[in-house]
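This report is meant for someone meeting the structure for the first time. Please look over the sequence and the model shown here before reading on.

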Amino acid sequence: MGLQGDGPGAEEEELFLREKLGNFPIVAIHTSADERYARLCDRPTRPMDKETALARDKAQVENSNVLGPIARANYTIINDGPLEDLEKGIEQVLKHIEHKE
């Protein structure tokens, strides 16, 4: 099984990939707004203030058709904790996907 990771994908990208690759599961990784903004403000590379982060979120939702693929996600991982929790969530989803194949 191949694995591809990407940021918010537009609906057009999903349709293109499904045409080329067939059916595949979508995994959404969700971080609460407060946690996401805190991380963006505190990151060492290209930190962002909350207002800039809010504007970026708004632009991504309004201009990139990301809501469709997120709404159709087969799995959702909550990413509000430490990196180790995210890694465990990813491992659990991958095991579930591999078991279904």
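In which loop is Arg46 found? Arg46 sits in the loop between helix H2 (33-42) and helix H3 (50-63), where helices (H or I, at least four residues) and strands (E, at least two) are DSSP runs numbered from the N terminus.

The model is a predicted one, in which local features need pLDDT of at least 70 and side-chain atom pairs count only at pLDDT 80 or more, while totals for chains, interfaces and linings use all residues. Residues are numbered from 1 along each chain as its sequence is written, and side-chain values use heavy atoms, with hydrogens and water left out.

**Overall picture**

The protein contains 5 helices and 2 strands, and from the N terminus on its elements follow the order α-β-α-α-α-β-α. Taken along the principal axes, the box filled by the C-alpha atoms is roughly 40 × 30 × 20 Å. Of the 101 residues, 22% count as buried, a word that stands for under 20% relative accessible area, with exposed meaning over 50% and partly exposed in between (1.4 Å probe, protein chains only). Among contacts with a separation of 6 or more, 63% are between residues 24 or more positions apart, a contact being heavy atoms within 4.5 Å.

The accessible surface comes to about 7,600 Å², and 54% of this belongs to carbon and sulfur atoms; such areas come from the Shrake-Rupley method with a 1.4 Å probe, and for residues only the protein chains shown count as cover. There are 13 positive and 20 negative side chains, and the centres of the two sets lie 1 Å apart. In this count Lys and Arg are positive and Asp and Glu negative, with His and the chain ends not counted, and the place of a charge is taken as NZ of Lys, CZ of Arg, CG of Asp or CD of Glu.

**Confidence**

The mean pLDDT, the predictor's confidence in each residue from 0 to 100, is 87 for the protein, and 90% of the residues reach 70 or more. Confidence is lowest in helix H4 (residues 67-71), with a mean of 83, and highest in E2, at 95. Where pLDDT is low, predicted coordinates should not be read in detail.

**The nonpolar core**

The largest nonpolar core has 5 residues, namely Tyr75, Ile77, Leu86, Val93 and Ile97; a core of this kind is a set of buried Ala, Val, Leu, Ile, Met, Phe, Trp, Tyr and Cys residues joined through side-chain atoms within 4.5 Å. Strand E2 (75-78) and helix H5 (83-100) each supply at least two residues of this core, and H5 gives the most, with 3 residues. Not counting residues up to four places away in sequence, Val93 touches Val27, Tyr75 and Ile77.

**The loop and the helices beside it**

Arg36 lies in helix H2, and Asp57 lies in helix H3. With neighbours within four places in sequence left aside, Arg36 is in contact with Thr31 and Asp57, while Asp57 is in contact with Arg36 and Tyr37. Glu62 has its place in helix H3, and the C-alpha atoms of Glu62 and Val93, 31 residues apart along the chain, are separated by 29 Å.

Asn74 lies in the loop between H4 and E2 and, apart from neighbours within four places in sequence, is in contact with Phe24, Pro25 and Ile26.

The table sets out how these residues stand in accessibility.

| Residue | Relative accessible area and class |
|---|---|
| Arg46 | 62%, exposed |
| Pro47 | 52%, exposed |
| Glu62 | 52%, exposed |
| Asn74 | 47%, partly exposed |
| Arg36 | 24%, partly exposed |
| Asp57 | 13%, buried |

Why does Asp57 count as buried? Asp57 is classed in this way because its relative accessible area is 13%.
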